[in-house]
Amino acid sequence: MILFLDNASTTKTFKEVNEEINNCFINDFYNPGALYNQGFIIKNKLEEKREYLKSLVGANGYKVIFTASATEADNLALFQVKKNTKIIISGGEHPAIYETANSLKNQGIEVVIIPLLANGRIDEVEFKRQMTKEVSFVSIMHVSNETGAINSIKELCSFAKMVNPNVIFHSDGVQAFMKIDTNLSYLGVDMYTVSSHKIHGPKGVGVLFVKDCINIKPQILGGGQENGKRSGTENYPLISGFVKAVEILSPTISSRFEKVLKSKKLLIKAFNKSNIEWKLNGDEDKDSPYILSASFLGVRGEVLLHMLEEYDILVSTGSACSTKKIGNRILQNMGKSQLEIEGNIRFSFDAFEDIDIDYLAEKVCECVKKYKRIR
Ligand code: PLP
């Protein structure tokens, strides 16, 4: 049996979600833009799903723009930035924000990158120093996909608004959504990105929530779907599957949190009890319990990953999207040593899989020791 511990990269779709999608592909396949009645019915169902989603996640007062991924939603948010202005992002951002922000530099946009503290959260003192009234846009992720560090989005957003009431505050909530409280009205953000496949929904659906009072310009032009904000025929079956996943998950955020926290703590305890040299990248009590970023000193993370794979234990060496890039920008930003960066493994949990933590810890320690013996 496979022990899947890479749930931050993707998750298995729920059975109920698969059924919902299948059912829609069979019965509700009509184009929501078609003029005959079947199209009209799908359009109505789509609008019902949109409203239902808002009610499930506390997003009244927000528009829901369905996209094909969180990467697209992040891009759509950042491309709202006006030329010749100043923006703030953090050094911990996913490439969907980081690379997009960097690409804005050649439009005369000044991009300020707030460094991370050793615990993986953004340096709030530096944020407050840089957050002047000239800043037009801020994008700070809610939960780090590398370490699980949780940023204080509500506080950062209200500080930014106090300095510049016109600033647009966006947060990438991909690793937070359905895992911690992400009530948008409470957080006060202007825009928020989520991804379906990280929460047992299908791949191919992302959402950008946008405050009703903000008029965004589209990036994809065409038939004017999504109220003119994102053209392309809406994939009603996948959207419906995504909303089903949210419906299943939204009532159990705190119980799942507790369950996953137990697993994370047990694994930390087991590593501490063993005689392997390891370091936790983050803060055991403050980070998201869904992610445990560990550095096994003197070991190459990638080799360890493949050694664990021999036992059907699947982990990652950091976010899947950055495995093709050299080094680890996030851990570097946190001031980690080369040894810590090289030996990095990310375990990302899921509340629906019962994991034998003792077995997992035993195999990790066995592989670390074997690696060192061979070397
Ligand atoms: N933002 C964060 C924080 C992520 O972890 C990911 C995926 O790993 C993304 C954005 C991109 O999500 P998607 O795969 O839906 O494009």
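User: How do the axes of helix 1 and helix 8 cross, and within what distance do they come?
Analyst: In this predicted model, the axes of helix 1 (residues 15–27) and helix 8 cross at roughly 155° and come within 8 Å. Angles over 145 degrees count as roughly antiparallel, so helix 1 and helix 8 are roughly antiparallel to each other.

User: Is the crossing of helix 1 and helix 8 left-handed or right-handed?
Analyst: Helix 1 and helix 8 make a right-handed crossing.

User: And which residues make the contact?
Analyst: From helix 1, Glu-16, Val-17, Glu-20, Ile-21, Cys-24 and Phe-25 take part. Helix 8 brings Tyr-236, Pro-237, Leu-238, Ser-240, Gly-241, Lys-244, Ala-245 and Ile-248. By class, the contact of helix 1 with helix 8 has nine nonpolar, two polar and three charged residues.

User: What about helix 2 and helix 8, at what angle do they pack?
Analyst: Helix 2 (residues 37–57) packs with helix 8 (residues 236–249) at an angle of about 25°, and their axes are 10 Å apart. Angles under 35 degrees count as roughly parallel, so helix 2 and helix 8 are roughly parallel to each other. The crossing of helix 2 and helix 8 is left-handed.

User: Which residues of helix 8 does helix 2 meet?
Analyst: Helix 2 meets Tyr-236, Ile-239, Ser-240, Phe-242, Val-243, Val-246 and Glu-247 in helix 8. On the helix 2 side, the residues are Ile-42, Lys-45, Leu-46, Lys-49, Tyr-52, Leu-53, Leu-56 and Val-57. The contact of helix 2 with helix 8 divides into eleven nonpolar residues, one polar and three charged.

User: Switching topic: how many residues surround the ligand, and which are the closest?
Analyst: The ligand is surrounded by 14 residues, and the closest are Thr-71, Asp-172, Gln-175, Ser-195 and Lys-198.

User: What lies 2.8 Å from an oxygen atom of the ligand?
Analyst: That's a polar side-chain atom of Ser-195. His-197 also has a polar side-chain atom 2.9 Å from a ligand oxygen atom. For Ala-70, a backbone N or O atom lies 2.9 Å from an oxygen atom of the ligand.

User: Back to helices. How far apart are the axes of helix 9 and helix 13?
Analyst: The axes of helix 9 (residues 253–273) and helix 13 (residues 357–374) are 9 Å apart, with a packing angle of about 40°. Helix 9 and helix 13 are therefore oblique to each other, and their crossing is right-handed.

User: Which residues make that contact?
Analyst: Ser-263, Leu-266, Leu-267, Ala-270 and Phe-271 of helix 9 do, together with Ile-357, Leu-360, Ala-361, Val-364 and Cys-365 of helix 13. The contact of helix 9 with helix 13 has nine nonpolar residues, one polar and no charged.

Conventions. Residues numbered from 1 in each chain as written. Predicted model: local features only at pLDDT ≥ 70, side-chain atom pairs only at ≥ 80, totals over all residues. Heavy atoms only, no water. Axes fitted to C-alpha atoms, helices over the stretch in contact; angles between N-to-C directions. Helix = DSSP H or I, 4+ residues; strand = E, 2+ residues; numbered from the N terminus. Parallel < 35°, antiparallel > 145°, perpendicular 65-115°, else oblique. Left-handed = near helix turned anticlockwise from the far one by under 90°. Contact = heavy atoms within 4.5 Å. Nonpolar A, V, L, I, M, F, W, Y, C, P; charged D, E, K, R; others polar. Near = heavy atom within 4 Å. Polar contact = N/O pair within 3.5 Å; in protein donor to acceptor, adjacent residues only side chain to side chain.
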